[in-house]
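Subject: Handing over a structure

Dear colleague,

I am passing on a structure that may be new to you, and I would be glad if you looked through it alongside the notes in this email. Please open it first and then read on.

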Amino acid sequence: YPVSLVLVRIEAFSDLRARMTVPMAGERLLFRVGETLKSCCRAYDGVYKYDASTFALVLPEADAKVVGLIIKRLHQKLDSNK
């Protein structure tokens with residue numbers, strides 16, 4: 001069965017984290033990003049922190065069409081939070 005891997009990187013995270021005055025604010029931001037990613041995925045998909053500013057989504061039984069739908073959901077969710 002197909003398995004897809006999607007990497008989601010927060011481009012300006014290092015600069016943003018350097019400007020934060022509260023020490024744990026960066027970690028809370030990453031937690032919220034991870035929760036948002038999980039809310040856009042299916043219950044059995046894996047959302048993992050890959051490195052300091054990147055998350056890895058492991059999507060079992062997901063072909064290109066399913067991945068496209070999940071990415072579209074993610075874009076809509078992030079756009080609504082602006």
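This is a predicted model: local features need pLDDT of at least 70, side-chain atom pairs count only at pLDDT 80 or more; totals for chains, interfaces and linings use all residues.

The overall picture first. The protein contains three helices and three strands, and when these elements are read along the sequence they follow the pattern β-α-α-β-β-α. It has 82 residues, of which 32% count as buried. The accessible surface comes to about 5900 Å², and carbon and sulfur atoms account for 58% of that surface.

Helix H2, made up of residues 25–40, and helix H3, made up of residues 64–80, have axes that come within 9 Å of each other and cross at roughly 135°. Because angles over 145 degrees would be needed for roughly antiparallel, H2 is described as oblique to H3. The crossing in which H2 passes H3 is right-handed. On the side of H2 the contact is made by Thr36, Leu37, Ser39 and Cys40, while H3 contributes Ile70, Arg73, Leu74, Lys77 and Leu78.

Lys77, which is found in helix H3, is in contact with Thr36, Ser39 and Cys40 once its neighbours within four places in sequence are left aside. Lys77 and Thr36 are 41 residues apart along the chain, and their C-alpha atoms are separated by 7.7 Å. With a relative accessible area of 34%, Lys77 is partly exposed.

Gln76 also lies in helix H3, and its relative accessibility of 48% is the reason it counts as partly exposed, given that exposed would require over 50%. Between Gln76 and Cys40 there are 36 positions in sequence, and the distance from C-alpha to C-alpha is 9.5 Å.

Glu61 lies in the loop between strand S3, which covers 54–60, and H3. The phi angle of Glu61 is near 55°, which is a positive value in a residue other than glycine.

A colleague

Note on methods: Residues are numbered from 1 along each chain as its sequence is written. Side-chain values use heavy atoms; hydrogens and water are left out. Axes are lines fitted to C-alpha atoms, for helices over the stretch in contact, and angles run from 0 to 180 degrees between N-to-C directions. Helices (H or I, at least four residues) and strands (E, at least two) are DSSP runs, numbered from the N terminus. Angles under 35 degrees count as roughly parallel, over 145 as roughly antiparallel, 65 to 115 as roughly perpendicular and the rest as oblique. A crossing is left-handed if the near helix is turned anticlockwise from the far one by less than a right angle, and right-handed if clockwise. Contact means heavy atoms within 4.5 Å. Buried means under 20% relative accessible area, exposed over 50%, partly exposed in between (1.4 Å probe, protein chains only). Accessible areas come from the Shrake-Rupley method with a 1.4 Å probe; for residues, only the protein chains shown count as cover.
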